[in-house]
Amino acid sequence: MDRIVIGNMVSMLASVFLILSCWVNTKKSAYLFQILEAVTLCVSAVFFQAWTQLTTLALSALRNYLVMTERYDRKMMWIFSALVVVFGLAANNLGWLGILPVAATVILAICNYYLQDIMAIKWSFLFNCVLWGIFGFAIRDYVSGVTQAVTCCIGLVSIVRLCRRRAEEKQDPRSAGVP
């Protein structure tokens with residue numbers, strides 16, 4: 001069986017883990033499924049021979065474990081960001097394209113640590129999805145590319161809904177906090 005087909009089949013399983021991470025209602029469960037997604041995508045990266053993806057996602061899985069166990073702090077954010085840059089670029093076999101997973105991983109790690117406003121967090125997720133979506137399609141990981149594209153659309157709808165809700169709250173402060 002062609003390695004691209006197998007890689008896409010593995011990515012389908014990772015997409016299920018991504019969906020489950022969005023579905024569950026506890027932080028620990030969400031991060032557990034994020035870890036499973038990252039590890040599964042590491043396996044698919046082998047089939048796509050995308051070594052930068054493998055490196056950045058392995059570090060992301062470890063970082064998510066630290067977040068899940070509440071051991072991820074500012075110092076760890078900078079350590080993991082540096083490790084992603086060093087090892088991601090060292091493993092890069094895709095030229096400029098290989099920089100996308102490094103950039104996406106570092107940007108999201110920093111945004112997740114510093115951003116507090118939900119709107120800013122949603123925009124950082126959206127930007128991250130765009131970078132990973134471009135990368136997915138470019139390496140012929142169509143399942144991941146489509147999953148990221150769908151996630152971008154859902155993210156945009158969520159941003160629009162939040163903007164509308166905030167606009168309504170400005171017009172009628174009594175409705176603040178009412179869904």
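**Entry 1. Overall fold**

I began with the secondary structure and found seven helices and zero strands in the protein. For this count, helices are DSSP runs of H or I with at least four residues, strands are runs of E with at least two, and both are numbered from the N terminus. I read the order of elements from the N terminus as α-α-α-α-α-α-α. The radius of gyration is 17 Å, close to the 16 Å from the globule rule for 179 residues, so the protein is as compact as a globular protein of that length. The radius is taken over C-alpha atoms, and the rule is 2.2 Å times the number of residues to the power 0.38.

I note that this is a predicted model, in which local features need pLDDT of at least 70 and side-chain atom pairs count only at pLDDT 80 or more, while totals for chains, interfaces and linings use all residues. Residues are numbered from 1 along each chain as its sequence is written, and side-chain values use heavy atoms, with hydrogens and water left out.

**Entry 2. Extent, surface and charge**

Of the 179 residues, 40% count as buried; buried means under 20% relative accessible area, exposed means over 50%, and partly exposed lies in between (1.4 Å probe, protein chains only).

I then looked up the contacts, defined as heavy atoms within 4.5 Å. Among contacts between residues at least 6 apart in sequence, 64% join residues at least 24 apart.

For charge, I found 15 positive and 9 negative side chains, with the centres of the two sets 3 Å apart. Lys and Arg count as positive and Asp and Glu as negative, whereas His and the chain ends are not counted. Each charge is placed at NZ of Lys, CZ of Arg, CG of Asp or CD of Glu.

I checked helix H3, residues 51-68, which has 18 residues and reaches 25 Å between its first and last C-alpha, close to the 26 Å expected at 1.5 Å a residue. The expected span is 1.5 Å times one less than the number of residues in the helix. H3 is mostly covered, with 13 of its 18 residues buried. Glu-70, which follows H3, has a positive phi near 60°.

Helix H7, residues 142-171, has 30 residues and should span 44 Å at 1.5 Å a residue; its end C-alpha atoms are 43 Å apart, which agrees. Its buried residues are Val-143, Ser-144, Gly-145, Thr-147, Gln-148, Cys-152, Ile-159 and Leu-162. I find that they pack against helix H1 (3-23), helix H2 (27-48) and helix H6 (118-138).

**Entry 3. Two loop residues with positive phi**

I looked at Gln-49, in the loop between H2 and H3. Its phi is near 50°, a positive value in a residue other than glycine, and Gln-49 is partly exposed at 38% relative accessible area.

Arg-140 lies in the loop between H6 and H7. Its phi, near 70°, is also positive in a residue other than glycine, and Arg-140 counts as partly exposed at 40% relative accessibility.

I took Ser-11 in helix H1, which counts as buried at 0% relative accessibility. Leaving aside neighbours within four places in sequence, Ser-11 contacts Leu-41, Ser-44, Phe-48, Asp-141, Val-143 and Ser-144. Gly-136 is 125 residues from Ser-11 along the chain, and their C-alpha atoms are separated by 9.9 Å.

Thr-105 lies in helix H5, residues 99-114, and is buried with a relative accessible area of 4%. Not counting residues up to four places away in sequence, I list Thr-56, Ser-60, Arg-63, Val-84, Asn-128 and Trp-132 as touching Thr-105. One of these, Asn-128, is 23 residues from Thr-105 in sequence and 7.8 Å away, C-alpha to C-alpha.

Phe-135, in helix H6, is buried with a relative accessible area of 1%. With residues up to four places away not counted, Phe-135 touches Ala-50, Gln-53, Leu-94, Leu-97, Gly-98, Leu-100 and Pro-101. I note that Ala-50 is 85 residues from Phe-135 along the chain, with 9.8 Å between their C-alpha atoms.
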